Amino acid sequence: MALIEDAQFTRIKNRVGKAIADYDLISEGDRIAVAVSGGKDSYTLLHMLDTLRRRAPVKYELMAINIDSGYPGFRADIIEDHLKEQGFAYHIEKTDHYGIISEKRRPNSSYCSICARLKRGALYGLAQQFGCNKIALGHHMDDFIETLLLNQFFVGSLKAMAPSMLADNGVTTVIRPLVYVPESEIIPFSRNNRFPVVCCRCPVCGKADLQRKRMKELLADLERENPVVKKSLLKALSNVHPRHLMDKGLTRIPS
Ligand SMILES: Nc1ncnc2c1ncn2[C@@H]1O[C@H](COP(=O)(O)OP(=O)(O)OP(=O)(O)O)[C@@H](O)[C@H]1O
């Protein structure tokens, strides 16, 4: 399936290309494990990285990795058919994360945080096993901004996500090439290209948690008054003035 090369495609491709250049996300010889959940974001990521790979002077390899968390009804076969048909190198890891979560989760604690932790651990292990020095995740611009607000409103911390960072295992670099791509562009792009989107089938699949939903509503509200509010919030993440903050570990650094 060739991607539809319309204005939408070009816009997303250019945004991904700019993120790669701005943050040095990809280097010659990289072997990148692309974390594919079966959702619109990671399919977009995989196809865009592949498009750029075919056109870029820098040589790098991709390997799609899906973690099957073991929720009954999860259609890993649909993801696999797509990856096979598109000629991607891939691996689908069957796990019993569902069983572990059912056993370990405390009542009222979030499904998503324990599930994400288990998936992250599995992804790091698999990336090493398949000789990948990088893992690409499908977080997009809205994820960065919502996380920034969530941490300020509910955690009391000034942090979001990094486009590139060394993972806790000290050897794998995690990259997020969709940092400049708004979700509003991914939704029609994924639909028009008929990506076979599947849900993980966990009890909260497809539902943003209440706090994140609230951030989405707040941003949508603000956007009506100020159409560049999201752009401004994203820019704030790369325009930090430590002298004008209150963290005692930072205040001596001149800005
Ligand atoms: N089961 C999985 N297997 C492999 N990678 C995953 C899996 N779940 C999540 N990821 C990776 O983590 C990223 C963020 O996960 P999250 O659950 O927030 O999904 P999302 O924002 O709905 O994105 P998507 O549309 O790709 O599912 C995904 O874009 C993907 O790269």
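Me: What is the basis of the model and its numbering?
Reply: The model is predicted; local features need pLDDT of at least 70, side-chain atom pairs count only at pLDDT 80 or more, and totals for chains, interfaces and linings use all residues. Residues are numbered from 1 along each chain as its sequence is written.

Me: What makes strand E1 and strand E2 a pair?
Reply: Pairing requires that DSSP finds at least two bridges between two strands, where strands are DSSP runs (E, at least two residues; helices are H or I, at least four), numbered from the N terminus. E1 (residues 31-35) and E2 (residues 61-68) have 5 bridges, in the parallel sense, so they meet the definition. Among the partners, Arg31 faces Glu61 and Ile32 faces Leu62.

Me: Why is E2 called largely enclosed?
Reply: A residue is buried if 20 or more other C-beta atoms, placed from the backbone, lie within 10 Å of its own. In E2, 6 of the 8 residues are buried, so the rest of the structure largely encloses this strand.

Me: What makes E3 and E5 edge strands?
Reply: The open, mixed sheet has the order E3-E2-E1-E4-E6-E5. Strand E3 (90-94) and strand E5 (164-166) each have a single partner strand, so one side of each lacks a neighbour in the sheet.

Me: Why is the unit of E1, H2 and E2 called right-handed?
Reply: With the strands pointing away from the viewer, a right-handed path from the first strand over the helix to the second runs clockwise. E1, H2 and E2 form such a β-α-β unit. The crossover from E2 through helix H3 (residues 76-85) to E3 is also right-handed.

Methods:
Buried ≥ 20, exposed ≤ 12 C-beta atoms within 10 Å, placed from the backbone.
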